[in-house]
Structures are given as C-alpha cells and as structure tokens.
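Please examine the sequence and the three-dimensional structure shown here. The paragraphs below it are meant to be read alongside the coordinates.

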Amino acid sequence: MDKTITVALGQRSYDVRVGAGVLSELGRTITELGEVSSVVVISDTTVGQLHGPRVMQLLGSAGLTVGSLSFPAGEASKTLATYGELMDDLFSLSPAIDRQSVIVALGGGVTGDLAGFVAATALRGMRWVQCPTTLLADVDASVGGKTAVDHPTGKNLIGAFYQPKAVLIDVETLTSLPREQLSSGLAECVKHGVIRDAGLLAFISENADDILACGSDTMIELIARNVAIKAAVVSADERESDQRAHLNFGHTIGHAIEVLVGYDAIPHGRAVSLGMVAACRMAVERKLLPAADADPITAVLERLGLPVTCDALGPDDIWRIMQHDKKTRAGKVRMVLPSKVGHVEIYDDITARDVRSSLRALLP
Ligand SMILES: NC(=O)c1ccc[n+]([C@@H]2O[C@H](COP(=O)([O-])OP(=O)(O)OC[C@H]3O[C@@H](n4cnc5c(N)ncnc54)[C@H](O)[C@@H]3O)[C@@H](O)[C@H]2O)c1
Ligand SMILES: [Zn+2]
C-alpha cells in the first residue's frame, strides 16, 4: 500500500515515500545517497521525545554515526536566534560534521523549515532528508523545498529554496498528533482539491470519518494524492509565480485573519478554512463560480470540523492587511478564485468592496 511520488526538478528531483512504517527505510535511504560521514537528526523537543529514540536506533543499526539536536516546540522557535543556536550545536558535535554529513529533519513544518534552512546554509549546503510528522508537513511543507525562519516583521521572511534529497512520510507518526494539529493539514487538503482535483474533494468527503480517525490506508491515499498535486505544481513552477501562486487559495484572506486576530489566537488551518469560504463567496458574487459548486466546499470543511463562519471581523482592517501582504504586486491585491471545483485563476482587480461583501458571508 506504500506509495512513491517523484518531485520532478531535473537534477534536484527526489522521491517522497508514503506508507505505514516507512521510517524503517531511513537508514537505507541515507546510505543510498552516496558517501555519508555522519547523520544529524534535528527535531523539536516534543517530537524528539516521541519519535527520536526510534529514529536514532534505526540509523545506528544501519551503521551510521548519529548525532541529534533539538529546540523548543512551536512557531516561536522559527527565529534567527534558534537557527544560530542550532548552528552552534551543529558545529560542536563530535565527531565534527563535514560536507559528507546528512541532516534529517524529523517533525512538523517548523522543524522542516528550520532544519532545512540550517541544511541550506551550513557549510554552504548539506544534503538533507525530511521526515514530516504532522499532516500539514506531510501534505504541504515537505514538498517544494521552501525553508525559512520568521522575522519580527513577518513570517518566513528569511530563507532559501533548498530541496531535500528524499522525504519519508510515515503515517504511523500521525497517531500521536493532537486533533487540532490534524485540522491544519486537512484545510490544505481541501485547498488542493479545490485548486486541482474535484475527485480529491469527493474522496475527502466520502472518507471523512476514517480521515479524522487517522485510518492508515486512508491516510496513505489522502497524503499521496495531496503530495502528487503539490509536486506537480512545484515541478511546473519551482519558484513563486502563477502556478505556485494557486497554492495561496484561501490564504490571502486567511493570512489577513491570522494577522488581525494574532497567530497564537487562531490555528492556521482554521484561518485558511475561513479564507476559502470567503474566496468561494467572492467567486460566486463575481459570477465565476455557480453557488451550487461552492456548497460542497463549505460542506466538506464543516464535515472535517473546520470553521465556516465567524464573528464580525473588521473588514477595513482585513483589507488594509491584504494590501500589505508580501504577495501583493505593484499595490494590487491578488486573489485566487475558483471557477469550478478543481480549477482556479488569479485575479488582481480585487477591491475593498469585494472583500467586505465576502466577509459578510462568514457571519454566523
Ligand atoms: N515550507 C513550506 O512549504 C511550508 C508550507 C506550509 C507551512 N509551512 C510552515 O510550517 C509551519 C507549521 O507546521 P506545523 O503545523 O507542522 O507546526 P509544528 O512543526 O510546530 O508542529 C505542530 C505541533 O505538533 C507537534 N508535533 C509534531 N508532530 C507530532 C506528532 N507526530 N505527534 C505529536 N505532536 C507532534 C509539534 O511538536 C508542535 O508542537 C509554519 O511555520 C509554516 O510556515 C511551511
Ligand atoms: Zn497554509
């Protein structure tokens, strides 16, 4: 039942393996990279405690010299300060790392972004393998090679595009994941369905109970389909331009909501869910999307326990934040809107009025 998806990027192509127990392949995956002097596993403290010992043991029994580094769990660690501490720890390891060493990022999207940025920059670039452990990291952050830390001015402002050599997604790690963390990943799954694949949306809707219970076969299928969509988008368009921008569906208003209420006050998936509902409403009002096509999108979000309504949000504040988004071009607010489930286009003529009326649709 294991699945392999290739992220096709010429010489930088790599495979994403999805399955139950695929972490047991980590030693072989690394030895197959060529000469390897040592392996450094980077994880946050939570994941390090839950899954670190098994990974260290697997690598050790593959005959690899292994070290491990950790940092406190949470987005607050995605900073230059933590990056600096990880670099200090990395260069203090004994035996010392060299360009034949390999970094393993074991954890959610924060670990992937942070450890990936360490890999991109230490010794001017080290090979790295990603082992995501949250659904968000499985279906989104582990594909595409975006690595970054946050800056007080905004999220992900310092980073690099730097592809891993391999990604191993072991669905068994999801069994320890708190339910609210699962919903962040589910919002991205719905997003992928809306932008590229009506069949995926139907699959999510039909298997919602099994997905919420993290049934192994269903999760493998769900993750593999999502990885394939993100991989196709990224392969077509590695650096941010039109195709990759489709991945921002639900994120323009969603991001503004996060900024307005505070990143700590609303989980990313919940903000994106509201952003997708608002974008669908905007598409209906612009007569791009039949209302009957918007309903199943809202229904599947609700079925997954994601919010589709919220109390009044200051529309003028949301609009102001949208105008300052780093993805704004030449002062024009751009939004990704669907014309049917599975197809979206970018519009750069979004007005304050569009935003105000789509936000009204979120009122309970
Ligand atoms: N690089 C990209 O393309 C990309 C895409 C989307 C998001 N991101 C980034 O990803 C980050 C969010 O990722 P996230 O939601 O995975 O956050 P996260 O890495 O902080 O993980 C969320 C929480 O779950 C815990 N956790 C992780 N795996 C677990 C497991 N198996 N069992 C129990 N607990 C576990 C973590 O310790 C953490 O407390 C953001 O910083 C975002 O910017 C990056
Ligand atoms: Zn997102």
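Predicted model: local features only at pLDDT ≥ 70, side-chain atom pairs only at ≥ 80, totals over all residues.

Residues are numbered from 1 along each chain as its sequence is written, and chains are lettered from A and ligands numbered from 1 in the order in which they are written.

The secondary structure of the chain amounts to 15 helices and 11 strands; these are DSSP runs numbered from the N terminus, with helices being H or I of at least four residues and strands E of at least two. The C-alpha trace spans about 60 × 40 × 35 Å along its principal axes. Buried residues make up 48% of the 364 residues. A residue is buried if 20 or more other C-beta atoms lie within 10 Å of its own, exposed if 12 or fewer, and partly exposed in between, with C-beta atoms placed from the backbone. Among contacts with a separation of 6 or more, 74% join residues 24 or more positions apart, a contact being two residues whose C-beta atoms, placed from the backbone, lie within 7 Å.

The domain assignment gives domain 1 (3–177) and domain 2 (182–209 + 249–360); such bounds come from an automatic or database domain assignment. Their centres, taken over C-alpha atoms, are separated by 30 Å. Nine residues from domain 1 and eight residues from domain 2 take part in the contact. On the side of domain 1 that touches domain 2, α5 gives the most, with five residues. Helix α5 also holds L135, which counts as buried because it has 29 C-beta neighbours inside 10 Å. Leaving aside residues up to four places away in sequence, L135 touches L174, L177, L182, G185 and L186.

Which residues come nearest to ligand 1? Of the 29 residues around ligand 1, these are T46, G108, G109, T134 and A141; a residue is near a molecule if its C-beta atom, placed from the backbone, lies within 6 Å of it. At least two residues of the shell come from each of α2 (45–61), α4 (109–121), α5 (135–141), β8 (154–161) and α6 (179–196).

In helix α15 (residues 352–360), D354, V355, S358 and L359 are buried. These four cover an arc of only 125 degrees around the axis, and therefore lie on the same side of α15; the arc is that of the directions from the helix axis to the C-beta atoms. The buried residues pack against α12 (268–285) and α14 (315–323), whereas R353 and R360, on the other side of α15, are exposed.

Some backbone details remain. Most residues other than glycine have a negative phi, and most peptide bonds are trans. The peptide bond from S94 to P95 is cis, with omega near 0 degrees, and P95 lies in the loop between α3 (80–92) and β5 (102–107). L123, in the loop between α4 and β6 (127–132), has a positive phi near 55 degrees. C214, in the loop between α8 (208–212) and α9 (216–236), has a positive phi of about 60 degrees.
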